[in-house]
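Please keep the sequence and the 3D view at hand while reading.

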Amino acid sequence: MEEVDVEPTTTLIPGVDFRQKHLGFVWGPRDILTYETQYKTAGAPAAFASCPWIHVVRKDEDIYSPILRKLFNESHHIFVQLQKSTDDTASKAKKPRFVSISKNYRSVIRACMEELQQNAVSARDAALATQYGNQVSILLAVELIWNLCEVLFIDAAPAGTLLLHLLDWVRLHKAGVDEQAHEVLQSESPAQHPSYWDVVISYVLQGRMDEARQILGKQASQQPGARAVYKLLDNLMMKMPIYNPGGNQTLTEFDVRWRHWREECTRCLEDRSFAGDPHLELICKILLGDEDTLLEQKELLGTWYHFLVTRLLYTQPTVKPTELHYYAQSSMDMFLGPRAPEPLDSILLAAFEFDIHQVIKDCSIALNNWWFVAHLTDLLDHCKLLQSHNLHFGSNLREFLLLEYASGLFTHHSLWQLAVDYFDHCPEFGRVYLEMQIERVPLDTERKAVKVLRICEQRQMAEQVRSICKIMAMKALRNQRLGSALSWSIRAKDAAFATLISERFLQDYCDRGTFSDLDLIDNLGPAMLLSDRLTFLGKYREFHKMYGEKKFPEAAKLLLSLMTARIAPKNFWMTLLTDALPLLEQKQVIFSAEQTYELMHCLEELTSGADDSKDEHVEDIKTTKIELLRLALARNLASAIVEEGTVDSW
């Protein structure tokens with residue numbers, strides 16, 4: 001994916017020595033093809049002959065991952081459901097719904113992440129395992145950022161509740177301590193396990209007092225002499241106030257309780273109640289939020305944002321959203337020290353600063369595809385959290401990102417169908433992009449062509465409908481599938497092409513004596529009016545059906561009208577007159593005297609023209625047919641006159 005506002009990175013292609021080789025570049029159907037050349041000035045694709053290696057550079061490799069395709073498919077359903085939200089829904093009802101949708105997105109991310117993790121463990125190929133591992137790392141970062149944006153922007157938790165959500169955020173992304181605790185508790189002597197105190201302190205750093213107290217009790221039971229000290233710390237941990245958003249306690253009342261508890265912790269530390277046990281004293285200092293003590297636990301904390309949440313838990317549990325940026329910046333500076341922040345650090349800091357646009361911009365640069373920024377921006381836009389300013393090229397930020405994401409999906413052989421819905425919900429440029437991209441979908445099979453056609457027809461894209469139908473009609477015609485070609489030309493409403501194929505049908509009939517694709521011709525219906533030749537084809541088939549059903553008078557009338565109304569092409573009149581011969585030879589008079597005169601007139605008109613035939617055999621056959629027709633017409637005329645005269649005499 002080409003990054004925004006950044007210089008593109010140089011990608012070295014394995015096996016190519018750039019000091020000795022020269023590279024040429026050619027745009028493929030969807031990707032860039034790079035090839036080695038013998039000359040400094042790369043020629044056209046003819047230079048391919050100079051080397052056996054062609055390298056494909058794809059815009060977005062993720063869409064070719066089977067597991068990540070599940071992410072794209074599942075998130076598409078969530079996206080479509082989000083677009084159905086109505087503007088008249090009450091604001092109070094919207095917020096829980098948006099939070100629920102955000103959690104649905106995150107659950108899809110987690111499901112894909114777990115499947116990738118399992119594949120990474122079971123993969124036998126080291127390179128494939130590394131690839132899976134890299135994708136897991138990316139999805140971990142994506143879910144971390146999304147979860148924080150959910151807490152700060154979508155849920156918009158107030159003071160008190162905010163810290164509880166941040167604690168859940170840290171615990172969710174720092175779940176390794178549970179596995180470590182399980183290992184400790186399963187050992188023969190948990191209190192003697194090397195990781196025992198790391199587990200206890202990790203639980204305290206996450207504010208998980210119940211779990212910490214449970215494991216701490218293992219140590220207290222083995223030290224009867226220190227039981228009173230352990231009991232004192234256990235009481236402090238048990239009495240730590242936790243804000244309950246659903247309770248009757250106000251934020252002010254909670255703050256008073258929390259300050260009293262903190263004063264009690266301070267007295268225990270000043271009285272040196274835990275001086276005999278450095279681990280217990282360390283825990284008491286953590287409860288007081290001592291910054292130096294917390295920074296000593298960098299290895300257990302792991303990240304500056306975990307340090308931030310722990311620091312807030314024990315120093316500012318009622319922190320307001322507007323104050324977060326100060327604590328976030330200072331926590332990152334203290335934790336990282338002289339080390340430069342990583343892109344993830346900058347993104348999270350921008351979120352804590354409530355700079356949504358900076359979060360989106362940094363994610364667009366750092367992440368390897370548009371999926372995350374497109375869906376997150378769309379959700380934030382529905383929450384009315386994005387400024388409705390236009391970009392320099394006219395579209396707003398939401399639409400721009402959705403267009404880029406959907407354009408990437410269109411390069412995939414199956415995911416292109418998902419992209420259609422994304423374009424549908426881009427009101428300004430979505431239709432233009434769809435019209436441009438839909439023409440690039442390879443119409444490999446008729447089934448796929450029908451899918452593309454249905455999409456275009458539903459959106460009244462007349463030009464694209466005609467183009468698709470013409471392409472498929474030409475393919476069918478090249479493969480001698482006349483029925484399919486005619487069907488596509490009718491859908492395209494292409495009179496000229498329908499005329500051409502109708503003539504092929506007629507020629508095929510003249511050569512073989514039977515029609516192919518009878519079901520199609522029999523069910524033309526109003527479509528036969530598309531062109532005169534198609535009308536004739538349909539009516540001529542009707543004549544044969546009437547003849548087969550022995551409806552001779554109706555068949556005769558239709559046959560005559562095809563010539564007299566000039567619907568039949570002139571070069572087909574001889575065939576029609578030949579078809580009239582069996583009717584003329586019937587014992588019962590089928591053609592009336594007037595109709596017979598009209599048939600004679602048609603025959604004379606046909607034979608009076610110049611004959612360009614140079615084949616004597618063909619000319620003899622034609623002469624024989626004409627003589628037979630004249631004889632049959634004369635006999636039928638005599639019979640008709642006699643019959644009609646007899647009727648008149650009565």
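How many salt bridges does a search of the whole structure find? In this predicted model, the search of the whole structure finds 26 salt bridges.

**Charged pairs**

One of these joins Arg106 to Glu150, with the closest N and O atoms 2.9 Å apart. The pair links distant parts of the chain, since Arg106 belongs to helix α2 (residues 91-122) and Glu150 to helix α3 (residues 126-154), 44 residues apart. Arg106 counts as buried because its relative accessibility is 11%, and Glu150, with a relative accessible area of 5%, is buried as well. Arg106 and Glu150 also take part in a network of salt bridges that includes Arg110 and Glu143.

| Salt bridge | Closest N to O distance |
|---|---|
| Arg106 and Glu150 | 2.9 Å |
| Asp168 and Arg171 | 3.6 Å |

**Aromatic rings**

A search of the whole structure finds 23 aromatic pairs. Among them is the edge-to-face pair of Trp169 and Phe352, whose rings are 6.0 Å apart centre to centre, with 75° between the planes. This pair links distant parts of the chain, with Trp169 in helix α4 (residues 161-172) and Phe352 in helix α15 (residues 343-352), 183 residues apart. Both Trp169 and Phe352 are buried.

The rings of Tyr326 and Tyr327 have their centres 5.1 Å apart and their planes at 70°, so this pair too is edge-to-face. Tyr326 counts as exposed, at 52% relative accessibility, whereas Tyr327, at 14%, counts as buried. Elsewhere, ring pairs link Phe72, Phe79, Tyr405 and Tyr422 into a cluster.

**Charges over rings**

Lys298 lies over the face of Phe335, at 5.3 Å from the ring centre, and the charged end of Lys570 sits over the ring of Trp573, 5.2 Å from its centre.

Terms used. Residues numbered from 1 in each chain as written. Predicted model: local features only at pLDDT ≥ 70, side-chain atom pairs only at ≥ 80, totals over all residues. Heavy atoms only, no water. Phe/Tyr/Trp six-rings, centres within 6.5 Å; stacked < 30°, edge-to-face > 60°. Helix = DSSP H or I, 4+ residues; strand = E, 2+ residues; numbered from the N terminus. Buried < 20%, exposed > 50% of the residue type's maximum accessible area, 1.4 Å probe, protein only. Lys NZ or Arg CZ within 6 Å of the ring centre and 35° of its normal. Salt bridge = Lys/Arg side-chain N within 4 Å of Asp/Glu carboxyl O.
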